[in-house]
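Please keep the sequence and the structure in view while reading.

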Amino acid sequence: MLKHKRYIPVLIFLILLNITPYFLLRLGEALDPYNINLSLAYSSPSRLLPFGTDSLGRDMFARTIYAAGLSLKVTAQAFLLAFGLALLQGGVAGYTHEKIPDKIISWIIALIYTVPFILIVAAVFAVFEPGIEKAYLAIGCLAWAAPARLVRAEVIQYRTALFVTAERALGFSEAKILLRTIIPLSFPPALISLLYFIPELISIEVGLSFFGLGAQPPTPSLGRLIYDGLSEFYTAWWVALIPSAVLLLIVSAIYITTHKLEAIVKKH
Amino acid sequence: MNRAIASVLQGISLLVGIATLTFLLFNIIPGDPARIMLGPNASEESVQLLRTELGTDRPLWEQYKLHLSKLLELNLGRSIIDERVVSGEIADKFTTTLKVGLSGLTIALIISYALNLLVFYVPAASSLLIITRFGVVTPTFFSGVTAALIFGVFLPVVPLSGYGSSESTIFTLALPAFVTGLYPIAVMTGILREKIQEALNSLYVHSAFSLGFSRFHIFHAVILRTVAVSWLAGWVNLLSIVFVATLIVEVIFSIPGVGPLLVKSIQQKDYPMLQGIVIVNACFFISLSWISEALFRILDPRIRQHAET
């Protein structure tokens, strides 16, 4: 495993991605995002209330922190699920290139990929109402299609490589070639490309709650906070602006980190 | 020729796949669809009436056949909230969404062309291209809310929720379209820039320069001609991303398109409407990818040869 040392930063990033939401959720809860105080309604951002309050006087700072934690938690879980599925399906499809398993998996990928993906997720959410705890299941089970394409392409590339043919000629078993050569070679580069899907997953999660799916009031979620703020543009500009600025912050932080990680991995 | 037939078959199989998927999703939902739609307080008779209307009291195979034959007749049923014909309603909203989305994509096409032409003449201007990169990371939520606040609330030049009303000006379409265009502007400018740089290092452009052609001629007749297909292919690939951005922008700017319709159908559990939205969009994007693939094969001899060998 020593040769994969350069992937340690990627691993740390993924661990952080899964831990941070719990801290945000704890912090948000400690600040009490549900406390209604009508005398403080529509307070604009100040020293005491950095993000202001909403129409019910609830602290927007606590609500935004909690919502960001919730969005990140769903995203991180959905990513791990989609990641596993993408490796599995992409790997199988790539290895059985042009044979029946590949044809079936590629067809499913095409089906999910051609239609704006968020509409299918939205329909699944609207019908099954999975609630926020199971939201990652619905997102993860559908989000693997695009990354699986990448994994498939990676595997196909190595499947016909000369050294794989050589191993086959030397009498290595197919299982050994797949597990010892192709998987270790093709998965790490795929992992980096998959990291670029994280911002997209966040947007999907936020988009779903924006359209009224996922977390239900009074639970704050980024999309809901933004949506609720739209009707208060003239009375309280910060209600919609601050959660969307926090979203921008999260997405760009992840994007820049991924960029840096890619540079570290590619440098070797 | 075989490839053309294969791609038609692929398109048809995807359409059947979507029809089956929506059938599974909306007709075999856990529990009784009629009961879920009407809620727990509805009387047994009205639930039974809806069951007969939806056909959910018939065997599954028959329901599936009914579902497919209705789709072939372009009959998407009626809204369970206000009896509107789903296909008409969606056609109406979808036109608006297309208008906003395509305007955004057209803006992206023009800006990416103009910026690259500028950089081709004045290489020092390439820092402008870096600015467009912000479009990649900026979520539509942020750009949309910011644009609406600045131009709708603080300097009221664009009446929010003024789309289609007497107050509407050119900006009521242009501003939302520009917001949806931010991401495509970044991507298209990047693609064109990369392709131009590739071409600039190639022999045929060097020889064009040494033959003394003007910069204008080289940019348009030599470089753009060879890179246009991959540039436009990038444009087509952006459509589904722009579509999602358009839905969000429509909700932010209260434009009566598919976005607000989606929010409303979700809130009201209007399953026929939701199913219609999924099916119409699926058909649109499947036929789009099919047409663009065929079109690019005709336009670009390189793809044709690649496919034949």
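Two residues are in contact if their C-beta atoms, placed from the backbone, lie within 7 Å. The model is predicted: local features need pLDDT of at least 70 and side-chain atom pairs count only at pLDDT 80 or more, while totals for chains, interfaces and linings use all residues. Residues are numbered from 1 along each chain as its sequence is written, and chains are lettered from A and ligands numbered from 1 in the order in which they are written.

By this criterion, 35 residues of chain A are in contact with 37 residues of chain B. On the chain B side, α1 (2-27), α8 (140-154), α11 (215-252), α12 (258-268) and α13 (271-299) each supply at least two residues. Helices here are DSSP runs (H or I, at least four residues) and strands likewise (E, at least two), numbered from the N terminus. The side of chain B that touches chain A holds 28 nonpolar, 9 polar and no charged residues; Ala, Val, Leu, Ile, Met, Phe, Trp, Tyr, Cys and Pro count as nonpolar, Asp, Glu, Lys and Arg as charged, and the others, Gly among them, as polar.

Chain B as a whole has 14 helices and 0 strands. Its C-alpha atoms fill a box of roughly 85 × 60 × 30 Å along the principal axes.

The axes of α12(B) and α13(B) come within 9 Å and cross at roughly 145°, where axes are lines fitted to C-alpha atoms over the stretch in contact and angles run from 0 to 180 degrees between N-to-C directions. In this pairing, B:Val258, B:Leu261, B:Leu262 and B:Ser265 of α12(B) meet B:Met273, B:Leu274 and B:Ile277 of α13(B). The residues of this contact divide into 6 nonpolar, 1 polar and no charged.

B:Ile277 leads across to the other chain: beyond its neighbours within four places in sequence, its contacts include A:Leu119 as well as B:Ile90. B:Ile277 is also, with A:Val121, A:Ala122 and A:Ile139, among the residues that touch the most other members of the largest nonpolar core, which has 145 residues. Such a core is a set of buried Ala, Val, Leu, Ile, Met, Phe, Trp, Tyr and Cys residues joined through C-beta atoms within 7 Å, and a residue is buried if 20 or more other C-beta atoms lie within 10 Å of its own.

A:Ile139 lies in α5(A), where A:Ala135, A:Tyr136, A:Ala138, A:Gly140 and A:Ala143 are buried as well. Their cover includes α2 (60-95), α4 (117-128) and α9 (198-210) of chain A.

Note on methods. A residue is buried if 20 or more other C-beta atoms lie within 10 Å of its own, exposed if 12 or fewer, and partly exposed in between; C-beta atoms are placed from the backbone.
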